[in-house]
Amino acid sequence: MEISLAHYLALAAILLGIGMFGVLTRRNAVGILMSIELMFNAVNINLVAFNRYVTPADFTGQIFSIFVIVVAAAEATVGLAIVLLIYRNFRDIFVDNINLMKW
Amino acid sequence: MDSAIAPYLFYLFSFVVVVSGLLVVTLRDIFHCALFLILCLFSVAGIYVLLGADFIAAVQVLLYVGAIAVLMIFAIMLTAKVSGIGIKQQNEQVPIAIITTVAFVAIALYGLGKTIWNIKTDVAIPDNTTMAIGKLLMTTYVVPFEIVSVVLLAALIGAIVIARRN
């Protein structure tokens, strides 16, 4: 029994699907941000797996996944700040109730 | 990594990742979701260790489990009035989202089963990746490295400006 590249890619595809389901169905803005983090992790598993099996010598995938993690951290910071601001103004963080810019 | 137990560890970590991921997107109490998100991210770090990426696993634990998850719990605590139990947490798109997600995952799995990957097995996997990644970040990838630090600084200032009380 040997674990191949396809096993890791399948895991990443399933995790990406779970995150996509969360983004599509969550009402809570923090829940949507958590689902986005799941999708980022799926992408990172893909990058590290390709790095291990396709380019093991030059670390391209691992370096790229570091950048993905850093950008995810920046996204979480700004996103949660926006959520807090929305909560302060509307007393609500359910995205289907916040429709000020929608007609 | 000892190759005899590596497959079992892979299935264990994958099981934990998938189950806790499903709980993250389906549970009603958003605080429990955050706790299962921590479990999921920790298991993903285990997957990185199995892939021989020890530095990425350490970064995952430090940044995701240590920083981002705490940030999420912080935001949940600050918005606790609307995050409580008894409020509907999912919108009316659940059936169509299930169909879309299952179709997407099925197409992705079918595609990756059909593809022939350009796998290199003759190159030795290094034991310690930290030194090599550090050298690459300071030589080949020094420009993206500096840009991403500016991005972090911009996000820091932006978050303070957005969340500040006037």
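With which residue does A:Asp96 form a salt bridge, and how far apart are the closest N and O atoms?

Modeller: This is a predicted model, in which local features need pLDDT of at least 70 and side-chain atom pairs count only at pLDDT 80 or more, whereas totals for chains, interfaces and linings use all residues. Residues are numbered from 1 along each chain as its sequence is written, chains are lettered from A and ligands numbered from 1 in the order written, and side-chain values use heavy atoms, without hydrogens and water.

The partner of A:Asp96 is A:Arg27, with the closest N and O atoms 2.9 Å apart; a salt bridge here is a side-chain nitrogen of Lys or Arg within 4 Å of a carboxyl oxygen of Asp or Glu. Because A:Asp96 lies in the segment after helix 3 (60–90) of chain A and A:Arg27 in the loop between helix 1 and helix 2 of that chain, the pair ties together parts that are 69 residues apart in sequence. A search of the whole structure finds 1 salt bridge over all chains, and the count between chain B and chain A is 0.

At the start of helix 2 of chain A, a side-chain oxygen of A:Asn28 reaches to within 3.1 Å of the backbone nitrogen of A:Val30. The 25 residues of this helix (residues 29–53) should span 36 Å at 1.5 Å a residue, and its end C-alpha atoms, 37 Å apart, agree with that.

As for the other chain, 82 residues of chain B are in contact with 71 residues of chain A, contact meaning heavy atoms within 4.5 Å. The whole structure holds 4 aromatic pairs, with ring centres within 6.5 Å and planes under 30 degrees apart counted as stacked, over 60 as edge-to-face and the rest as tilted. One of them joins A:Tyr8 and B:Phe10 edge-to-face, 4.8 Å centre to centre with 70° between the planes, and it crosses from helix 1 (residues 5–25) of chain A to helix 1 of chain B.

Methods:
Helices (H or I, at least four residues) and strands (E, at least two) are DSSP runs, numbered from the N terminus. The expected span of a helix is 1.5 Å times one less than its number of residues. A polar contact is a pair of N or O atoms within 3.5 Å; within protein, one must be able to donate a hydrogen and the other to accept it, and residues adjacent in sequence count only if both atoms are side-chain atoms. Rings of Phe, Tyr and Trp (its six-membered ring) pair if their centres lie within 6.5 Å; planes under 30 degrees apart count as stacked, over 60 as edge-to-face and the rest as tilted.
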